Amino acid sequence: MNKSKTPAEVISQDGGDDTSRRFRYQHTYAAILSLSLLKDKTEISAIYCEHHEDILIQKVNGKCIGIQVKTKEKEQYPFKSYDDQVIQSIRRFIQHELKNPDKFEKYIIAANCGFYDKTNHKNNLAYLLILAGEVDIDKDNLDIHHKYLKTFLDKFNNETDEKTIIKVLKKIELPDPEDIPGLNDVEHRLFSRLSECLTNQNLTNITNPQVNDIKDKLISKCNAASSLVRPLEAEYYYLFSSPSDQKSKIEIEAKKITKKTLEEIINKETLTRENQIVNESSKQKYSDALVPVQFDENFETNSYSCNPEHFVGRDREKKKFWDFIDNIRKGKAEKHLICFEGNYGMGKSSLILKLQSESNSKNVFFEQFDTKITKTEHFDFGYVAIKKAIYNAIDKKFIDLPPSIYDEIEPAEYSLFLRQPAIKKVLNYLNENDKVIVIFFDHFDHLLRQPSRESTFDFFEQLIHEFAYDKTSIVNTVAKLRGFNGCRSIVNTTKRGKLGKNLG
């Protein structure tokens with residue numbers, strides 16, 4: 001006899017959890033924006049949460065940027081010009097302009113679902129903003145002829161005069177949809193951006209769990225700043241000579257996120273990591289140098305890549321990959337490098353994790369690394385990756401060779417890497433036993449943007465020629481953002497272009 005379910009076992013219809021999720025989205029988005037404070041030449045001095053705006057950015061020049069954050073559950077339905085949330089945001093911006101003339105440099109409406117942009121229509125907010133931008137507000141009489149703009153201005157006539165409304169519309173910006181994360185991937189976006197920032201701060205020994213802890217603490221800080229969580233001293237404001245003014249200053253300060261705020265969170269988490277790897281053995285150094293791509297164990301979470309057990313589809317791409325591996329075994333492959341290229345969030349990392357889960361049944365040893373979180377300060381990245389892959393293949397009995405082989409492999413910069421006796425023994429074993437090692441480098445474009453990794457170009461270019469000549473059973477695979485070869489980068493463009501061409 002089945003017992004009836006208790007309330008704890010039944011899905012609730014209460015929308016409170018969805019409301020909390022949307023607030024967390026806003027706090028996480030604020031955390032993403034706050035990372036700009038860590039840049040060397042940032043124009044931002046501070047970020048405030050729920051202070052006049054959802055997010056208020058204070059610039060070094062004293063000007064402000066007001067940001068309204070709007071969310072929808074169904075991200076496929078974009079906001080339109082006359083949606084209530086859009087109208088209310090613009091009305092709020094108008095009030096800022098009236099109360100603080102010329103203090104706001106611009107206003108931003110950030111929406112997880114984007115904005116309608118199919119045609120030049122009255123519902124296309126971006127189009128209306130373009131029309132407003134064409135109006136000359138220096139004239140005594142505004143020359144507004146376009147019916148869409150005139151009708152839209154009528155929505156705000158009760159607020160102020162048309163000149164002020166046009167002035168506000170001229171200041172409004174709608175972010176590129178690619179720059180605004182969705183409800184489900186906002187924390188993953190923060191994790192990725194944070195990892196990149198920490199790497200640029202030369203925190204090369206930081207681990208994925210540490211990055212995740214910093215992420216959570218930063219979100220928590222933005223949540224506290226948004227929630228008017230007063231510091232203890234605010235409770236004693238009556239002790240000051242001007243209690244009301246002092247209380248206000250303390251409460252405003254509690255809403256503030258500065259570079260110092262971020263550095264305190266980061267330093268507290270990483271302090272115990274300093275000088276940790278000093279007297280380790282060579283194996284341990286190499287073992288800790290690279291971090292694998294992480295995936296979510298739980299289907300309901302979305303902080304990392306997709307768990308291979310939950311991965312579906314991409315059958316065509318998987319077949320092409322395994323056909324490529326078969327051609328390598330048969331000696332038919334002209335190249336032994338393959339590039340997974342696509343836009344952010346397309347699932348490149350998830351696909352490679354799925355391929356890794358299938359590799360055991362195909363006599364393939366699969367090693368993958370997240371190059372966003374590398375700790376190779378003292379070793380060349382490429383040598384470390386290959387050496388670690390061989391070490392793990394021996395350790396897991398995929399290669400039946402003495403472990404001492406590992407210690408014989410040297411990052412000989414001025415000789416052909418694959419000509420080393422130890423490497424030759426490994427390659428001969430793989431060929432004789434019809435086995436293949438695949439080494440996957442995720443976020444490869446991130447690695448190549450770092451000046452300290454410029455020697456990686458030379459190493460991979462050398463490997464490309466050696467693999468092509470020797471037809472080895474080691475395959476290098478990279479994933480990079482589409483358009484990387486043409487993007488701005490501090491790395492030498494000639495080398496970047498050559499590598500991109502060779503990856504083909």
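The structure, which is a predicted model, holds two cavities of 30 Å³ or more. The table sets out their volumes and the classes of the residues that line them.

| Cavity | Volume | Lining residues by class |
|---|---|---|
| Largest | about 40 Å³ | eight nonpolar, no polar, no charged |

**The largest cavity**

The lining of the largest cavity consists of L35, L38, L194, I214, L218, L262, I265 and I266. By class, these lining residues are eight nonpolar, with no polar and no charged residue. Which helices each supply at least two residues of this lining? They are α7, spanning 208–226, and α9, spanning 259–270. Of the contributors, α9 gives the most, with three residues.

**The second largest cavity**

Around the second largest cavity stand I109, A111, G114, F115, P175, P177 and I180.

**Helix α6**

Helix α6 covers residues 186–200, which makes 15 residues. From its first C-alpha to its last, α6 reaches 21 Å, close to the 21 Å expected at 1.5 Å a residue. Is α6 mostly covered or mostly open? The helix is mostly covered, with 11 of its 15 residues buried. The buried residues of α6 include V186, E187, R189, L190, F191 and S192. Further along α6, L194, S195, C197, L198 and T199 are buried as well. L194 also belongs to the lining of the largest cavity. Just after α6, N202 takes a positive phi of about 65°.

**The sheet**

How many strands form the open sheet, and in what order? Six strands form this sheet, and they run in the order β5-β4-β3-β2-β1-β6 with mixed pairing. At the edges are β5 (172–173) and β6 (256–257), each of which pairs on one side only.

Within the sheet, strand β1 takes in residues 44–51 and strand β2 takes in residues 53–59. In which sense do β1 and β2 pair, parallel or antiparallel? Their pairing is antiparallel and extends over six bridges. C49 stands opposite I55, a residue of β2.

How values were computed:
Residues are numbered from 1 along each chain as its sequence is written. This is a predicted model: local features need pLDDT of at least 70, side-chain atom pairs count only at pLDDT 80 or more; totals for chains, interfaces and linings use all residues. Side-chain values use heavy atoms; hydrogens and water are left out. Helices (H or I, at least four residues) and strands (E, at least two) are DSSP runs, numbered from the N terminus. The expected span of a helix is 1.5 Å times one less than its number of residues. Buried means under 20% relative accessible area, exposed over 50%, partly exposed in between (1.4 Å probe, protein chains only). On a 1 Å grid over the protein atoms alone, a cavity is a set of points where a 1.4 Å probe fits but cannot get out, and a pocket is an open set with protein on both sides within 12 Å along at least five of seven lines; lining residues have an atom within 4 Å of a point. Grid points are joined across faces, edges and corners, and a volume is the space filled by probe spheres set on the points. Ala, Val, Leu, Ile, Met, Phe, Trp, Tyr, Cys and Pro count as nonpolar, Asp, Glu, Lys and Arg as charged, and the others, Gly among them, as polar. Two strands pair if DSSP finds at least two bridges between them.
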